[in-house]
Amino acid sequence: MVENNELRKVGLKVTLPRVKILQMLDTTDQRHMSAEDVYKALMEAGEDVGLATVYRVLTQFESAGLVTRHNFDGGHAVFELSDGEHHDHMVCVETGEVIEFMDHEIEKRQREIVAEHGYELVDHNLVLYVRKKA
């Protein structure tokens, strides 16, 4: 469970909306949530947090490194808690489902390609757009 301490550690004041949003992201089964998803989940839980507040807090969390923002399909942003573990994503073009995966061979090959071109890898984001086989 994410603690209020996490907010303090990244220099954010502990406020009720921040705590509620952080707890929602930490306890949900849905790992990748849009601001609208977070807002709806809070409303369903009987929490009184406005949509503008959700957007603002998620942006603050992103700046503080607590969440990672992904723009998968057409600029629709989703957020996931940053856990420090690198992984890549597959997005189903039919359902929008996001599947996380980690492949050491892909990671190794990316570093090799970068080095072959005389660079060092600083960061990367791999997204594969997929659909179920018929």
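A polar contact is a pair of N or O atoms within 3.5 Å; within protein, one must be able to donate a hydrogen and the other to accept it, and residues adjacent in sequence count only if both atoms are side-chain atoms. I looked for one at Glu80 and found its side chain in polar contact with the side chain of Arg31, at 3.0 Å.

**Ground rules**

I am working with a predicted model, in which local features need pLDDT of at least 70, side-chain atom pairs count only at pLDDT 80 or more, and totals for chains, interfaces and linings use all residues. I number residues from 1 along each chain as its sequence is written, and side-chain values use heavy atoms, with hydrogens and water left out.

**Entry 1: Glu80**

I placed Glu80 in strand E2. Helices (H or I, at least four residues) and strands (E, at least two) are DSSP runs, numbered from the N terminus. Is Glu80 buried or exposed? It is buried, with a relative accessible area of 3%. My scale: buried is under 20% relative accessible area, exposed is over 50%, and partly exposed lies in between (1.4 Å probe, protein chains only). Next I listed contacts, meaning heavy atoms within 4.5 Å. Beyond four places in sequence, Glu80 touches several residues, including Arg31, His32, Leu66, His89 and Glu100.

**Entry 2: His76**

I found His76 in strand E2 too. His76 is partly exposed, at 40% relative accessible area.

**Entry 3: the annotated site**

I looked up UniProt, where an unreviewed entry places a "binding site" at His86, Asp88, Glu107 and His124. UniProt positions are given in the numbering used here, feature names are shortened, and annotations may be inferred rather than shown by experiment. Why do I say these residues gather at one spot? They span 39 residues in sequence, yet no two of their C-alpha atoms are more than 9.9 Å apart, so they sit together.

I then took the two histidines in turn. His86 lies in the loop between strand E2 (76-81) and strand E3 (88-92). His86 is partly exposed, at 34% relative accessibility. The side chains of His86 and Glu107 make a polar contact of 3.2 Å. His124 lies in the loop between helix H5 (104-116) and strand E5 (127-130). The side chains of His124 and His86 also make a polar contact, at 3.2 Å. Leaving out residues up to four places away, His124 touches His86, Asp88, Glu107 and Gln110.

**Entry 4: the sheet**

I traced an open sheet of 3 strands, in the order E4-E3-E5, with mixed pairing. Two strands pair if DSSP finds at least two bridges between them. Strand E4 (98-101) and E5 stand at the edges with a single partner each, so one side of each has no neighbour in the sheet. E3 and E5 run parallel, joined by 4 bridges. Met90 stands opposite Leu128 in E5.
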